[in-house]
Amino acid sequence: MPIRFGPFLLDRDARQLTRQGREIHLAPKALDLLTALIDARPKALSKLELQEQLWPGTFVVEANVSNLVAEIREALG
(Lines give C-alpha, C1' and ligand atoms only; values in the text may rest on other atoms or scores of the structure.)
Protein backbone atom coordinates (compact mmCIF):
# COMPACT_ATOMS: atom_id res chain seq x y z
CA MET A 1 0.00 0.00 0.00
CA PRO A 2 1.46 3.39 -0.99
CA ILE A 3 2.19 5.88 1.77
CA ARG A 4 1.53 9.57 1.33
CA PHE A 5 3.44 12.15 3.35
CA GLY A 6 3.14 15.79 2.41
CA PRO A 7 3.41 16.08 -1.38
CA PHE A 8 5.23 12.72 -1.60
CA LEU A 9 3.99 9.23 -2.37
CA LEU A 10 6.11 6.17 -1.56
CA ASP A 11 5.06 3.02 -3.39
CA ARG A 12 6.88 0.14 -1.74
CA ASP A 13 5.80 -2.46 -4.29
CA ALA A 14 7.05 -0.39 -7.22
CA ARG A 15 10.00 0.87 -5.14
CA GLN A 16 9.20 4.36 -6.31
CA LEU A 17 9.04 7.77 -4.66
CA THR A 18 7.08 10.53 -6.38
CA ARG A 19 6.27 14.14 -5.68
CA GLN A 20 3.08 15.36 -7.28
CA GLY A 21 3.34 12.58 -9.86
CA ARG A 22 7.00 13.16 -10.73
CA GLU A 23 9.44 10.38 -9.89
CA ILE A 24 12.26 11.23 -7.50
CA HIS A 25 15.37 9.12 -7.98
CA LEU A 26 16.88 7.58 -4.87
CA ALA A 27 19.61 4.97 -4.68
CA PRO A 28 18.20 1.56 -3.64
CA LYS A 29 19.68 1.75 -0.12
CA ALA A 30 18.38 5.31 0.33
CA LEU A 31 14.91 4.09 -0.61
CA ASP A 32 15.32 1.20 1.87
CA LEU A 33 16.30 3.69 4.57
CA LEU A 34 13.35 5.98 3.84
CA THR A 35 11.01 2.98 3.97
CA ALA A 36 12.51 1.83 7.29
CA LEU A 37 12.10 5.29 8.81
CA ILE A 38 8.50 5.56 7.62
CA ASP A 39 7.68 2.06 8.89
CA ALA A 40 9.11 2.83 12.34
CA ARG A 41 7.33 6.16 12.80
CA PRO A 42 6.82 7.76 15.24
CA LYS A 43 9.72 5.88 16.87
CA ALA A 44 13.24 7.07 16.10
CA LEU A 45 15.70 4.39 15.01
CA SER A 46 19.31 4.38 16.14
CA LYS A 47 22.15 4.16 13.64
CA LEU A 48 22.83 0.64 14.89
CA GLU A 49 19.21 -0.41 14.27
CA LEU A 50 19.37 1.07 10.79
CA GLN A 51 22.68 -0.64 10.01
CA GLU A 52 21.28 -3.98 11.16
CA GLN A 53 18.17 -3.52 9.05
CA LEU A 54 19.87 -2.24 5.89
CA TRP A 55 23.02 -4.37 6.00
CA PRO A 56 22.22 -7.45 8.09
CA GLY A 57 25.26 -9.41 9.16
CA THR A 58 27.63 -7.03 7.40
CA PHE A 59 30.08 -4.52 8.85
CA VAL A 60 29.58 -1.04 7.44
CA VAL A 61 31.02 2.28 8.48
CA GLU A 62 28.69 4.63 10.34
CA ALA A 63 29.08 7.26 7.62
CA ASN A 64 27.02 5.11 5.22
CA VAL A 65 23.82 5.89 7.12
CA SER A 66 24.69 9.59 7.27
CA ASN A 67 25.35 9.68 3.53
CA LEU A 68 22.00 8.03 2.80
CA VAL A 69 20.21 10.51 5.09
CA ALA A 70 21.88 13.37 3.19
CA GLU A 71 20.72 11.87 -0.12
CA ILE A 72 17.14 11.59 1.14
CA ARG A 73 17.15 15.13 2.50
CA GLU A 74 18.40 16.49 -0.80
CA ALA A 75 15.80 14.51 -2.76
CA LEU A 76 12.95 15.68 -0.53
CA GLY A 77 14.15 19.29 -0.56
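A residue counts as buried when its relative accessible area is under 20%. Keep that cut-off in mind on this tour of a predicted model.

**Stop 1: helix α1.** Select residues 28-40. This helix has 13 residues. From first C-alpha to last, α1 reaches 18 Å, close to the 18 Å expected at 1.5 Å a residue.

**Stop 2: the buried side of the list.** Within α1, color Ala-30, Leu-31, Leu-33, Leu-34, Thr-35, Ala-36, Ile-38 and Ala-40. These residues are buried. What do they pack against? Show β1 (3-5), β2 (8-11), β3 (16-19), α2 (47-54) and α3 (63-76).

**Stop 3: Thr-35.** Stay in helix α1 and pick Thr-35. Why is Thr-35 called buried? Its relative accessible area is 16%, so it falls under the 20% cut-off. Now follow the side chain of Thr-35: it reaches the backbone oxygen of Leu-31 at 2.9 Å. Leaving aside neighbours within four places in sequence, Thr-35 is in contact with Leu-10 and Arg-12.

**Stop 4: the largest nonpolar core.** This core has 19 residues. Select Leu-17, Leu-26, Leu-33, Leu-34, Trp-55, Leu-68 and Ile-72, the members that touch the most others. β2, α1, α2 and α3 each supply at least two core residues. The largest share, six residues, comes from α1.

**Stop 5: Leu-68.** End on this core member. Which residues does Leu-68 touch, not counting those up to four places away in sequence? Show Lys-29, Ala-30, Leu-33, Leu-54 and Trp-55.

Key: Residues numbered from 1 in each chain as written. Predicted model: local features only at pLDDT ≥ 70, side-chain atom pairs only at ≥ 80, totals over all residues. Heavy atoms only, no water. Helix = DSSP H or I, 4+ residues; strand = E, 2+ residues; numbered from the N terminus. Expected span 1.5 Å × (residues − 1). Buried < 20%, exposed > 50% of the residue type's maximum accessible area, 1.4 Å probe, protein only. Contact = heavy atoms within 4.5 Å. Core = buried A, V, L, I, M, F, W, Y, C linked by side-chain atoms within 4.5 Å. Polar contact = N/O pair within 3.5 Å; in protein donor to acceptor, adjacent residues only side chain to side chain.
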